[in-house]
Amino acid sequence: MIAGMKMRKENWDRFIPNRSAMDLEFAQHAIIDALRGDSGGKEEEAAVLLSASKDAYRRGLAEALNLSHRTRILAFRNKPPKKTHHYSPPPPPLQRRHIPLSSWKTLEAPGMVDDFCLNLLDWGSHNVLAIALGYTLYLWDASTNSVSKLVTIEEAKGPITSVSWSPDASLLALGLNFSQVQLWDSSSNRKIKSLKSHSGVGVGSLAWNNNNNILTSGGMDGKIVNTDVRSSHVVSTYRGHTGEVCGLKWSASGNHLASGGTDNLVHVWDASRSSTTQWLHRLEEHTGAVKALAWCPFQSSLLATAGGGVDGTIKFWNTHTGACLNSVNTGSQVCALFWSKRDRELLCSHGNQLALLKYPSLLKIAHLTGHTSPVLYMAQSPDGCTVASASAAGDKSLRFWDVFAMPKKPDHKAPHEPFSHQVIYLQELLL
């Protein structure tokens, strides 16, 4: 290269057609037709010689390929069709559920026994809440807001240590401090029978199997007894706890029973197993008495448990494998756990408060306060919307919370009235 010689730069601009926009078959057809037209008479003579079938085939092919109205051989892409704008209204905004942070009703309940290991509340499928106050059992009908007294137990047999409705709410089981379980018909206020499944010890927990007429009772001696209430026959007895059994819960299928005790243990029992001493799983990670047990409604193998005392943790278990899936520390004892029947939420009591958690993130959604002493007993309404909580020491009150209620449509016609909180004594409602 000669020094100082300038290089000539040439900018070439070469057009490259888009072959995908070309119809090559039509181009060839159009060129051939043009050549045939230029040849004059020779082509006309050749056209006469074409058979009728070939001519018909060519016309059919041209029509099938939409060639009759095409005049351009090379073409760019056609412009896209104009968009037609159809108005569609925006989707309605998601209606977020309002969670009241205070109870809507309070019943003063003096005489409730202050014992973490007992179970003195249960809400039946007929919307009637059973409340044990010392030796007396009261029934609060949520539909009519009326209270009735079912029975007062003799001092030699009482006080009442546990209550549990049958699945159809036809029978109410009462566990007593002196080893007895009584079955009552609430409609007639009549005692049906007494079961003596435990000897010389109180019955602090009860649970009905949803599939049949089996009533399970847990005693202060650590035994778990399954009794057929029709014949009063003891079907089986589970032995695994060394302390008082303070929590019992059957799974929705009726195939598995979870039990918790003051020995800090949780057992999962398989109803189909003939052995009464061989549990399915023995869960040993709690450091306090376990009373709170809750089977998950949307995942049958998920069990939530919580410890009292210094434990204060909620643990989630896979009952197929016995593995602990997650754990959260609430900072104080937990007496009860309830799953939402509609959402993936879990309500727990810890200390004198209630907390609503999102599952599986375990983030706190709501914090409910009102009690001034530790919450010991809880029950959930049959529709799953309302939860009742009771404290025995201090305020001795029973509070009702619409924590799982569905969002209500706003009523623009009805005027807004200020909320008035009710505080009523149970004995006053009897008058």
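**Entry 1: aromatic rings.** I began with the aromatic residues and found that ring pairs link Trp104, Trp123, Trp140 and Phe400 into a cluster. I note here that the model is a predicted one, and that the structure holds 11 aromatic pairs. Trp104 lies in the loop between helix 3 (52–64) and strand 1 (105–108), while Phe400 lies in strand 28 (residues 397–401), so the pair ties together parts that are 296 residues apart in sequence. I then checked accessibility: Trp104 counts as partly exposed at 29%, whereas Phe400 is buried, with a relative accessible area of 0%.

I turned next to Tyr238 and Trp269, whose ring centres are 4.6 Å apart with the planes at 5°, so this pair is stacked. Tyr238 belongs to strand 13 (residues 233–239) and Trp269 to strand 16 (residues 266–270), 31 residues apart, and the pair links distant parts of the chain. Both Tyr238 and Trp269 are buried. I also looked at Phe116, and the charged end of Lys291 sits over its ring, 5.4 Å from the centre.

Entry 2: I traced an open sheet of four strands in the order 2-3-4-5, with antiparallel pairing. Strand 2 (121–123) and strand 5 (146–152) stand at its edges with a single partner strand each, so one side of each is left without a neighbour in the sheet. The twist in this sheet averages 20° from one strand to the next. Strand 2 is joined to strand 3 (residues 128–133) by three bridges, and I found Leu121 opposite Ile131 of strand 3.

The other open sheet I followed has four strands in the order 18-19-20-21, and its pairing is antiparallel. Its edges are strand 18 (290–295) and strand 21 (323–329), each with a single partner strand, so one side of each lacks a neighbour in the sheet. Strand 20 (residues 313–318) pairs with strand 21 over six bridges in the antiparallel sense, and Ile314 has Val328 in strand 21 as its bridge partner.

**Entry 3: cores.** I looked up the largest nonpolar core, which has 56 residues, and Leu129, Leu137, Tyr377, Met378 and Leu398 touch the most other members. Strand 3 gives the most to this core, with six residues. Apart from it lies another core of 17 residues, among them Ala304, Val334, Cys348 and Tyr359.

**Entry 4: annotation.** For residues 368–403 I noted that the end C-alpha atoms lie 9 Å apart and that the span is 0% helix and 42% strand.

Technical notes:
Residues numbered from 1 in each chain as written. Predicted model: local features only at pLDDT ≥ 70, side-chain atom pairs only at ≥ 80, totals over all residues. Heavy atoms only, no water. Pairing = 2+ DSSP bridges. Helix = DSSP H or I, 4+ residues; strand = E, 2+ residues; numbered from the N terminus. Axes fitted to C-alpha atoms, helices over the stretch in contact; angles between N-to-C directions. Core = buried A, V, L, I, M, F, W, Y, C linked by side-chain atoms within 4.5 Å. Buried < 20%, exposed > 50% of the residue type's maximum accessible area, 1.4 Å probe, protein only. Phe/Tyr/Trp six-rings, centres within 6.5 Å; stacked < 30°, edge-to-face > 60°. Lys NZ or Arg CZ within 6 Å of the ring centre and 35° of its normal.
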